[in-house]
Amino acid sequence: MSDTTGQTLKIGEKDYPVRSGSVGPDVVDIRKFYAQSGMFTYDPGFTSTASCESALTYIDGDEGVLLHRGYPIGQLAEQSSFMEVSYLLLNGELPSKDELDKFIYTISRHTMLHEQLAQFYRGFRRDAHPMAVMCGVVGALSAFYHDSTDIADPHQRMIASHRLIAKMPTIAAMAYKYSIGQPFLYPDNSLSYTGNFLRMTFGVPAEQYEVNPAVERAMDRIFILHADHEQNASTSTVRLAGSSGANPFACIAAGIACLWGPAHGGANEAALNMLREIGTPDKIPEYIARAKDKNDPFRLMGFGHRVYKNYDPRATVMQKTVREVFDALNVQDPLFETALRLEEIALSDDYFIEKKLFPNVDFYSGVILSAIGFPTTMFTVLFALARTVGWVAQWNEMISDPEQKIGRPRQLYTGPTQRDYVPLGQR
Ligand code: CMC
């Protein structure tokens with residue numbers, strides 16, 4: 001819980017209390033501002049607005065720090081596993097060995113989808129974007145799992161959370177299989193969370209699938225890097241949808257829709273498409289010039305961040321993981337060299353220096369995912385799969401928060417004032 005600092009901020013005639021969290025900027029509590037002043041605050045994009053209290057994730061964008069429940073992302077990516085990080089985000093503490101085993105067991109018992117959902121896929125066109133399929137199928141889960149939609153019951157909330165985490169790899173792999181016309185594979189619970197996902201995605205029923213441990217480790221790390229990121233656009237969407245009392249499956253489907261946009265989760269797909277378009281390092285100056293040109297809508301995808309005004313700590317791990325995957329698979333991709341050179345040129349350019357634009361998590365992820373064998377359209381699906389853990393943890397935190405209210409922003413109205421209706425024949 002936050003504390004009042006005893007300090008206040010005077011706005012007009014009134015003093016508003018200042019509250020502090022455990023670390024990071026204090027906040028001015030303006031909940032009574034409208035009642036006392038008759039005015040709203042104006043903050044499109046919420047650049048100065050804390051929408052909630054949260055104890056999950058902390059980001060210091062100036063220093064390039066990202067902590068989950070206090071643990072630095074670099075340490076979690078190097079030493080932990082996605083299942084352990086999921087437990088941490090959901091429960092607040094790292095698990096003991098027994099707690100982790102039990103958690104993995106529980107998740108693995110929810111990996112299958114209701115059989116009728118497989119038929120649901122057949123309603124989509126084969127060339128549908130897998131994110132479109134994902135939005136539809138996850139939204140449809142609420143039609144299949146009624147027994148975990150009572151949000152007032154903490155037990156049902158936990159079952160829904162486990163179901164979402166467990167079924168997301170199955171849903172994602174099936175979206176991929178459907179797009180390439182291959183049969184769906186049922187989950188194999190003898191494999192790890194990530195190994196099982198790789199098998200359902202790249203395996204075929206006719207052959208034994210061997211999980212490559214290096215790829216499994218890299219993929220697991222990519223999931224860790226995407227697990228949560230405090231009140232970003234899709235998480236705020238999940239919270240806003242959840243604030244009305246909507247069921248968790250509907251809320252996560254809303255989060256997936258928001259994540260799809262190219263300014264958010266869709267940037268990983270856009271970043272690799274951009275690198276392919278640039279092709280060779282000699283073309284980089286042309287694209288840098290376009291990114292700087294105010295009359296050109298082009299932006300360097302995978303660059304810049306609302307919160308990080310320093311190197312995104314996830315990008316550091318991602319860059320290292322590229323080399324590991326390349327070594328494990330014995331591949332080389334000239335686009336990686338293009339990406340490294342692009343980063344080098346951008347980071348020595350005044351425009352990027354002044355605006356504090358650094359590579360973000362999406363800059364290198366596409367190169368790795370492509371080497372593993374994913375088509376670009378699957379990139380954002382993988383982001384959604386991993387972020388589901390953050391979404392459900394944030395959603396649970398919100399439902400348990402006694403200060404939670406339905407999200408209902410106000411506006412600065414600039415439309416016409418009241419006027420009389422003019423009948424059609426007189427206009
Ligand atoms: N290339 C060129 N210029 C940029 C870029 C970029 N990638 N990003 C920001 N700028 C400029 C922008 O034009 C603006 O300039 P000015 O002040 O002269 O108008 C300034 O930097 C500030 O940009 P902004 O759009 O006001 O900043 P924002 O905080 O609203 O946007 C962002 C953050 C991530 C949407 C933006 O940096 C961007 O569009 N980046 C490319 C897309 C991308 O990589 N997104 C992934 C984000 S990380 C993964 C995730 O969380 O989903």
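Is D349 buried or exposed, and what is its relative accessible area? In this predicted model, D349 is buried, with a relative accessible area of 14%; buried stands for under 20% relative accessible area, exposed for over 50%, and partly exposed for values in between (1.4 Å probe, protein chains only). The model is a prediction in which local features need pLDDT of at least 70 and side-chain atom pairs count only at pLDDT 80 or more, while totals for chains, interfaces and linings use all residues. Residues are numbered from 1 along each chain as its sequence is written, and side-chain values use heavy atoms, with hydrogens and water left out.

The side chain of D349 meets that of K292 in a salt bridge (2.9 Å, N to O), a term applied to a side-chain nitrogen of Lys or Arg within 4 Å of a carboxyl oxygen of Asp or Glu. This pair links distant parts of the chain, 57 residues apart: D349 is in the loop between α15 (334-347) and α16 (350-354), and K292 is in helix α13 (residues 284-292). Helices (H or I, at least four residues) are DSSP runs numbered from the N terminus. In contrast to the buried D349, K292 is partly exposed, at a relative accessible area of 33%.

By this rule, the count of salt bridges comes to 18. Side chains of opposite charge can pair when their charged atoms come close. One of the salt bridges joins K320 and E78, with the closest N and O atoms 2.6 Å apart. K320 lies in helix α14 (residues 313-329) and E78 in helix α2 (residues 73-79), so this pair ties together parts that are 242 residues apart in sequence. K320 is partly exposed at 40% relative accessibility, and E78 is partly exposed with a relative accessible area of 39%.

A salt bridge is also formed by the side chains of R239 and E397 (2.7 Å, N to O). Here helix α10 (residues 233-243), which holds R239, is linked to helix α18 (residues 379-400), which holds E397; the two residues are 158 residues apart. Both R239 and E397 are buried.

S108 is buried, its relative accessible area being 11%. Its side chain reaches the backbone oxygen of Y105 at 2.8 Å. The side chains of S108 and R109 are joined by a polar contact of 2.9 Å. A polar contact is a pair of N or O atoms within 3.5 Å; within protein, one atom must be able to donate a hydrogen and the other to accept it, and residues adjacent in sequence count only if both atoms are side-chain atoms.
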